[in-house]
Amino acid sequence: MKTEQKSNELKVDFSCTTAMPHRFTVARPESKDKTLIDVYRDMIHLSWPGIRGFAKEISIMAEVDGSPLKEAVTATFRNEGMSAMRCDGYLPVLVCTWGMHQGKRLTYEIAAGKHYVLCRIQASNTDKKPHSFTIRCISLNNHAKTQAATGHLTVSDDAQSGPARTLLLMDAGVGQSPTEYNDKGLELTWTIEPGQTQTGWIVFPYPDNKTNVSAFRDKDWAEEFADAKKEWHDLLDRAVHIKIPDSDIQKAFYACLADILLMRDRVEGPDGKEYIAGQCGTDKYRFPNSHEPSFAAVALDCSGLHHEAGKRFSMESGGSATRRALG
């Protein structure tokens with residue numbers, strides 16, 4: 001974090017906190033189904049817990065008028081052509097936006113719902129002529145199977161990646177169907193007329209979700225996405241309310257609370273019971289020891305989330321020295 005001085009006024013510059021590549025985690029509170037997102041200037045990578053840490057499995061890329069996204073963005077847009085930020089400034093919901101010449105814009109919003117990880121895609125055109133947008137999802141796993149007829153891609157089990165994952169790419173308006181891309185991917189192309197916006201969805205069911213993929217196209221994904229945001233809003237609204245003149249600092253406080261709540265997992269204690277245990281992170285350093293999680297429990301308690309603080313430290317307070325994560 002740095003400060004800029006203009007006309008004797010000091011302003012905090014938070015741009016370094018989302019420098020590229022930027023890593024972000026989306027998950028529900030108390031969920032072991034965490035998704036890591038690595039944001040680059042022209043694409044994003046999604047990873048899930050595997051047998052040996054997190055394995056990168058899916059890349060989401062785009063082309064605009066036949067050119068890669070990195071060639072289409074304009075350097076005059078915020079953060080050199082793109083921005084990556086939290087929804088509402090503090091929720092663990094990722095919003096990535098690419099601004100381009102001729103009024104073209106592409107936005108991804110990614111949230112963790114009750115049964116799915118959801119990515120809403122919105123492409124808009126405020127130019128006076130049509131423009132084409134191609135969304136491409138590619139598996140980085142050797143054990144992948146594409147079924148363009150139903151618009152889904154399955155990444156199978158292997159020793160590194162853990163349980164199989166399914167991706168569905170869907171259009172939400174004009175009825176455009178995805179097509180196969182190089183055996184390991186799907187792509188969806190829109191030609192968007194002036195003044196129009198097109199919406200699509202990429203849906204990742206959790207591994208224990210056995211819903212038939214054919215039933216997904218009839219779901220109201222906008223409602224599912226709204227519910228995912230509401231779950232976090234409802235939880236954080238129970239915390240202490242603070243008022244700070246600098247709204248970015250205020251949002252940072254609630255973003256930190258959200259991250260503490262993210263760094264929890266369902267684990268099995270020495271008595272065989274399931275607990276919500278605090279962890280030191282969401283990547284490789286995830287052991288639920290009693291040191292760093294105790295600081296987080298105190299922070300939650302001081303922030304008014306007394307119930308969550310007690311749940312977070314219930315297993316550690318039992319004095320166990322040996323614990324293993326479920327799943």
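This is a predicted model: local features need pLDDT of at least 70, side-chain atom pairs count only at pLDDT 80 or more; totals for chains, interfaces and linings use all residues.
The crossing of helix 3 and helix 4 is left-handed.

Two packed helices are described by the angle between their axes and the distance between the axes. For helix 3, residues 247–262, and helix 4, residues 292–302, the angle is about 130° and the axes are 10 Å apart. That angle makes helix 3 oblique to helix 4. Which residues of helix 3 and helix 4 make the contact? From helix 3 there are Leu257, Ile260 and Leu261, and from helix 4 there are Ala296, Ala299 and Leu300. Sorted by class, that gives six nonpolar residues, with no polar and no charged ones.

Helix 3 also packs against helix 2, which covers residues 221–236. Here the angle is about 110°, with the axes 11 Å apart. Angles of 65 to 115 degrees count as roughly perpendicular, so helix 2 is roughly perpendicular to helix 3. On the helix 2 side, the contact uses Trp232, Leu235 and Leu236. On the helix 3 side, it uses Tyr254, Leu257, Ala258, Leu261 and Leu262. By class, this contact has eight nonpolar residues, and again no polar or charged ones.

Now the whole protein. The protein has five helices and 21 strands. Of its 327 residues, 50% are buried. Among contacts with a separation of 6 or more, 59% are between residues 24 or more positions apart.

Next, the cores. The largest nonpolar core has 42 residues, and the members that touch the most others are Ile44, Trp98, Leu106, Tyr108 and Ile202. Take isoleucine 44 as an example. Apart from neighbours within four places in sequence, isoleucine 44 is in contact with residues including Ile37, Val39, Ile58, Ile60, Trp98 and Tyr108. The list also has Asp38 and Ser59 in it. A second, separate core has 32 residues, among them Leu118, Ala239, Tyr254 and Ala258.

Where is tryptophan 48 placed? It lies in strand 5, residues 44–50. Is tryptophan 48 buried or exposed? Its relative accessible area is 1%, and buried means under 20%, so tryptophan 48 is buried. Tryptophan 48 is 11 residues from isoleucine 37 in sequence, and their C-alpha atoms are 9.1 Å apart in space.

Technical notes. Residues are numbered from 1 along each chain as its sequence is written. Side-chain values use heavy atoms; hydrogens and water are left out. Axes are lines fitted to C-alpha atoms, for helices over the stretch in contact, and angles run from 0 to 180 degrees between N-to-C directions. Helices (H or I, at least four residues) and strands (E, at least two) are DSSP runs, numbered from the N terminus. Angles under 35 degrees count as roughly parallel, over 145 as roughly antiparallel, 65 to 115 as roughly perpendicular and the rest as oblique. A crossing is left-handed if the near helix is turned anticlockwise from the far one by less than a right angle, and right-handed if clockwise. Contact means heavy atoms within 4.5 Å. Ala, Val, Leu, Ile, Met, Phe, Trp, Tyr, Cys and Pro count as nonpolar, Asp, Glu, Lys and Arg as charged, and the others, Gly among them, as polar. A nonpolar core is a set of buried Ala, Val, Leu, Ile, Met, Phe, Trp, Tyr and Cys residues joined through side-chain atoms within 4.5 Å. Buried means under 20% relative accessible area, exposed over 50%, partly exposed in between (1.4 Å probe, protein chains only).
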